[in-house]
Amino acid sequence: MFRTTVDVVMIKMRRRETKICLVCSLVVLIGLLLLLRNNISPSLPMGMIKKTLGYPSILYDCDTNHTDTDGAVRIPPTRALEKMNHQELSCLYHSYTTNIQTLCRRMERLGNVEDGGWDVCIDSRFRPRKPCIVFSVGMGLNDHLHKPDMHFHATGLASYNGKTASGWRMRTLGFLRNESDSGLKRRPIDILKIDIEGMEWGVIPEMIRSRSHIGIKQLYIEFHTHLFKNGKYIYETTRDQYLTYLKILRQLHHAGFRIFWTHKNFACKFESIYGPHRVSCNELYFVQINQV
């Protein structure tokens, strides 16, 4: 008799627990439906999701028409680029600058672990020689320890030879490589690092046009897309600027440089007018595949 009573009580408890679980599941389902209804706009293209619960927005498959069979993002010919609107160019630029094009199996971080350090590909095919030549543009005299085999030059890298309004000496890469006192005359460069706050967009076309890029084994550049106007930064740049930037990146690709690593500098983060959180400072790491 006692055992039967216990069995009846247990059955009633299980039924009650089942009802509670069903009610909880129903509440969760209703909550999800309300969340989706309030945060997905029918006017947005497929894959565009507005910010939800404080998390960054996500834009899916905006570069579907510009990927190779292996998933690498490519930049289409000029005629196709010029037909694209601001949103499409913005999407393509930010997809391309977070895109890996070739494999480096071994990398080593040199310098700061955080901002300021750079990742070197040490695969046998691209490994810097001993002794190596590293040309670093965009640094101060206090950025590194002074050693006998390190030479500092108070010269800026530019697309022209001359001086700035404030008197700084500016030279092209070709000029610097041919200066007898630079130590670079007619010698291959194992690593060229460029971080010059936006001037890279003028330096790269001149470098390729003058064929100064020949002999560079690895190329590291921090690309900047933000504008400084009326005393403030404008992070979402214009359609024409994105178009220019993509054409220049395509020049690097045609010159044999392939991206093996990318890094976002979150000191330059912003929320795009199209939804996603992005950065206007992208570090791209290239290896030269045609001259190895």
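The legends below describe close-up views of a predicted model.

**View 1**

Ile208 belongs to helix H5, which spans residues 200-209. With a relative accessibility of 17%, Ile208 counts as buried, because the cut-off for a buried residue is under 20% relative accessible area. When the neighbours within four places in sequence are left aside, the residues in contact with Ile208 are His213, Gln251, Leu252 and Ala255. The C-alpha atom of Ile208 is separated by 10.0 Å from that of Leu173, a residue 35 residues apart from Ile208 along the chain.

**View 1. Arg177, a buried arginine without a salt bridge.**
Arg177 has its place in helix H4, which covers residues 173-178. Although Arg177 is buried, it has no salt bridge, and the nearest side chain of opposite charge, that of Asp190, is 9.6 Å away. The side chain of Arg177 instead reaches the backbone oxygen of Ile214, at a distance of 2.8 Å.

Helix H3 (residues 86-96) is largely enclosed by the rest of the structure, because nine of its 11 residues are buried. The buried residues of H3 are His86, the run from Leu89 through Ser90, Cys91, Leu92 and Tyr93, and then His94, Ser95 and Tyr96. At the start of the helix, a side-chain oxygen of Asn85 reaches to within 3.1 Å of the backbone nitrogen of Gln87.

**View 2. The salt bridge between Lys247 and Glu82.**
Lys247 and Glu82 form a salt bridge in which the closest N and O atoms are 3.3 Å apart. Because Lys247 lies in helix H6 (residues 239-254) and Glu82 in the loop between helix H2 (78-81) and H3, the pair ties together parts that are 165 residues apart in sequence. Both ends of this pair are partly exposed: Lys247 has a relative accessible area of 25%, and Glu82 has one of 43%.

In the salt bridge between Arg109 and Asp119, the closest N and O atoms are 2.9 Å apart. This pair links distant parts of the chain, with Arg109 in strand E3 (residues 107-110) and Asp119 in strand E4 (residues 118-121), 10 residues apart. Arg109 is partly exposed, having a relative accessible area of 25%, whereas Asp119, with a relative accessible area of 11%, is buried. In the salt bridge that Asp240 forms with Arg239, the closest N and O atoms are 3.2 Å apart, and Arg239 counts as partly exposed at 25% relative accessibility.

Methods. Residues are numbered from 1 along each chain as its sequence is written. This is a predicted model: local features need pLDDT of at least 70, side-chain atom pairs count only at pLDDT 80 or more; totals for chains, interfaces and linings use all residues. Side-chain values use heavy atoms; hydrogens and water are left out. Helices (H or I, at least four residues) and strands (E, at least two) are DSSP runs, numbered from the N terminus. Buried means under 20% relative accessible area, exposed over 50%, partly exposed in between (1.4 Å probe, protein chains only). Lys and Arg count as positive and Asp and Glu as negative; His and the chain ends are not counted. A salt bridge is a side-chain nitrogen of Lys or Arg within 4 Å of a carboxyl oxygen of Asp or Glu. A polar contact is a pair of N or O atoms within 3.5 Å; within protein, one must be able to donate a hydrogen and the other to accept it, and residues adjacent in sequence count only if both atoms are side-chain atoms. Contact means heavy atoms within 4.5 Å.
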